[in-house]
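Biologist: I am new to this model and would like to go through it with you. Please show it to me first.

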Amino acid sequence: MNDVVLHIQDLQVAYGSTAVLHGASLRVSAGEVLGLVGESGSGKSTLVQGALRMLGRPAVITGGDVILDGQSLFDLDAAGLRRMWWNTVSLVPQNALNALNPMLTIGAHVDDTLLAHGITDAADRRRRAIDAMALVDLLPDTLTAHPHMLSGGMRQRVAIALALLLEPRLVVFDEPTTALDVVVERDILDRIRALQAERGFAAVFITHDISLLLTFADRIAVLYAGRVVEVAPARALGGPSSHPYTVGLLGALPPKLGEDRTAVPIAGVAPRAGQTTPGCAFAPRCTHASPKCEEPQALRALTDHHHVACHRVAGERP
Amino acid sequence: MTAPLLRVTDLTVQFTRGGGFRPRILRAAHRVSFDLHRGEVVALVGESGSGKSTIGRVVARLLQARSGTVALDGRELPVTRHLRADKATRSRVQMIFQDPYASLNPVHTIYHHLARPLTLHGHGGTHLRSTAAALLESAGLAPGDAFLDRKPHALSGGQRQRVAIARALAPRPDVLVADEPTASLDVSVRMEVLLLLRRLLEARGLGVLLITHDLAAARWIADRIVVLYAGQVMEQGPAESVLSSPQHPYTQLLVAAAAHTSAPLPAGPGAPPVIDPPPGCPFAERCRNATTACRTGTIPDHIRPTTHAGPWVTRCLHPGS
């Protein structure tokens, strides 16, 4: 697990003069799924898209560095970025229908991508296109279909096939199952895991559904108001040494079958973008808040793999 | 025994697709029956294409049914007749939509959103502003007065959904049809909105028809649950019983998929057969227990009495297997 594919170091992003991401650091290794969870406006998409230089104006990177596959992304020029996108890192979007061109067949999408990345032999492209469909259990006929002819689950499988076309080292899944039914969602998640076992790519899985990540992800990073407040192995999340926000988020879920507890919503509302405090942004909603929360809360290590930004939990480590 | 607040009987809704020599029939709901009592939440659950929203929209008189009846306190609504401004029904059945970003008009104030239904349904009067403020407070936005002059963009998603709920309460309805009211909200506020619905229903003696795909939320908030597939009721009964020991293979599949475990599912994904529907059980093609009888015959309802919250009905030849 030491083969680090993506290393985000203290990344800061602002939209115009409004800072939205206040220094986030993450590491993702080959063969693992890092779950990234947060509510709307927490900065989860900004973090990943900013790190991969996919954000346009008015977004500006105001600090930090990102190393992908040994290379700093902030040193790359436009041509270098184009080569890196899709070859080294690819994205599976939330709604494949919006990401696919309604006028083009699935085959044309695959062909375009391969051509743009230097596969000039038409027979080779054809063969690769059929292989890509087979990878996600779609028939070669799918290549002649237009996006609207496919079901939501099939479109998402096409999006995954496209993302894996050039065998990237890192695949970012931005809420790929949010618009899908539970049974289809399970099918997509099972496929991602199987493909990862086969190909060994690193995966970042962005979602607002923490319960999904508990079984699907290896490690989970929790974002709140533009800061990473906790990074932990999935099984360690929500325990006594978890961040109060993570505990609140888990407690706000309706109880699972056979689970005996009541759901307790988190009181108050999340701060708006640009409402920054030097201290913990969650303090106004936190039941454990104390004056010490007004001081900056850095991510501190509880164990090698468990980091929490809360003095109460991670304060007095010997 | 008094009539239930809402009784849906044999409701069938279908659409015709395409013309020419052979128009195709899309059957969105087929012979759906269930009751909703005062002070009760009934959840309609199922995947996309199961017909759950269709049924909600017929009850709210936003869609015309082909056959069947919907009765409010024993009096039938004209659901098979052409839709027109049916104010009498609207004042008794109100709808809450999924996306409060889309269901509120961005150019109008919150006051406008509440004053209109109040005036239209004859609850205007001279104290319009204080009535509107009181509605907001009953939906958990206090002090109500402070929200009246704001516009939707100044509110969070959860607050907007509360405005939508306050607006639905304005005509003093008996039934609220809530179509995925929490699907577009953050996890931490979803429960608040569901709790609010529960509180309102107890305080005002409403019945809530909750349309959702979230089984955990349905189990938590609903008294009864109606599981739909391809427009047909597969199973219905007390929410806790149905979800903790589902009898129908389709309910079993939904429960297994929602559990987020790594155990393999009893069936794969598939599209419900709503266009030119086959005879027999619509789930048969995906069901591992299906026999020839499932694909051809009429499937009987298997009825089990329960001690509370009505009977537990499973439409399956092999329930519980």
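Biologist: Which residue in E4(A) is the bridge partner of A:Gln9?

Modeller: The partner is A:Asp65. This is a predicted model, where local features need pLDDT of at least 70, side-chain atom pairs count only at pLDDT 80 or more, and totals for chains, interfaces and linings use all residues. Residues are numbered from 1 along each chain as its sequence is written, while chains are lettered from A and ligands numbered from 1 in the order in which they are written.

Biologist: How do you know that strand E1 (4-15) and strand E4 (59-68) of chain A pair?

Modeller: Pairing requires at least two bridges found by DSSP between two strands. Here eight bridges join them, in the antiparallel sense. They count as paired.

Biologist: How do you know that the radius of gyration of chain A agrees with a compact globule?

Modeller: The rule is 2.2 Å times the number of residues to the power 0.38, and the radius is taken over C-alpha atoms. For 318 residues that gives a value near 20 Å, and chain A has 20 Å, so the two agree. The C-alpha atoms fill a box of roughly 65 × 50 × 35 Å along the principal axes.

Biologist: What makes H7 (182-199) of chain A a helix, and how does its span compare with the expected one?

Modeller: A helix is a DSSP run of H or I with at least four residues; a strand is a run of E with at least two, and both are numbered from the N terminus. H7(A) has 18 residues. The expected span is 1.5 Å times one less than the number of residues. H7(A) reaches 25 Å from first C-alpha to last, close to the expected 26 Å. Just after H7(A), A:Gly200 takes a positive phi of about 75°.

Biologist: What do the buried residues of H7(A) pack against?

Modeller: Their partners include helix H6 (152-164) and strand E8 (202-207) of chain A, and helix H11 (249-258) of chain B. Packing rests on contacts: C-beta atoms, placed from the backbone, within 7 Å. Among the buried residues are A:Val182, A:Ile188 and A:Ile192.

Biologist: What makes strand E3 (41-45) of chain B mostly covered?

Modeller: Buried means 20 or more other C-beta atoms within 10 Å of a residue's own; exposed means 12 or fewer, and partly exposed lies in between. Five of the five residues of E3(B) are buried. B:Val41, B:Ala43 and B:Val45 point one way, B:Val42 and B:Leu44 the other. In general, side chains of a regular strand alternate between the two faces of the sheet.

Biologist: Which strands does E3(B) pair with in the parallel sense?

Modeller: One is E8(B), over five bridges. Another is E9(B), over four. B:Leu44 stands opposite B:Ile211 in E8(B), and has B:Val226 as its bridge partner in E9(B).

Biologist: What makes the pairing in that eight-stranded sheet mixed?

Modeller: The order is E6-E7-E8-E3-E9-E10-E12-E11 in chain B. E3(B) and E9(B) run parallel, whereas E9(B) and E10(B) run antiparallel over six bridges.

Methods
Two residues are in contact if their C-beta atoms, placed from the backbone, lie within 7 Å.
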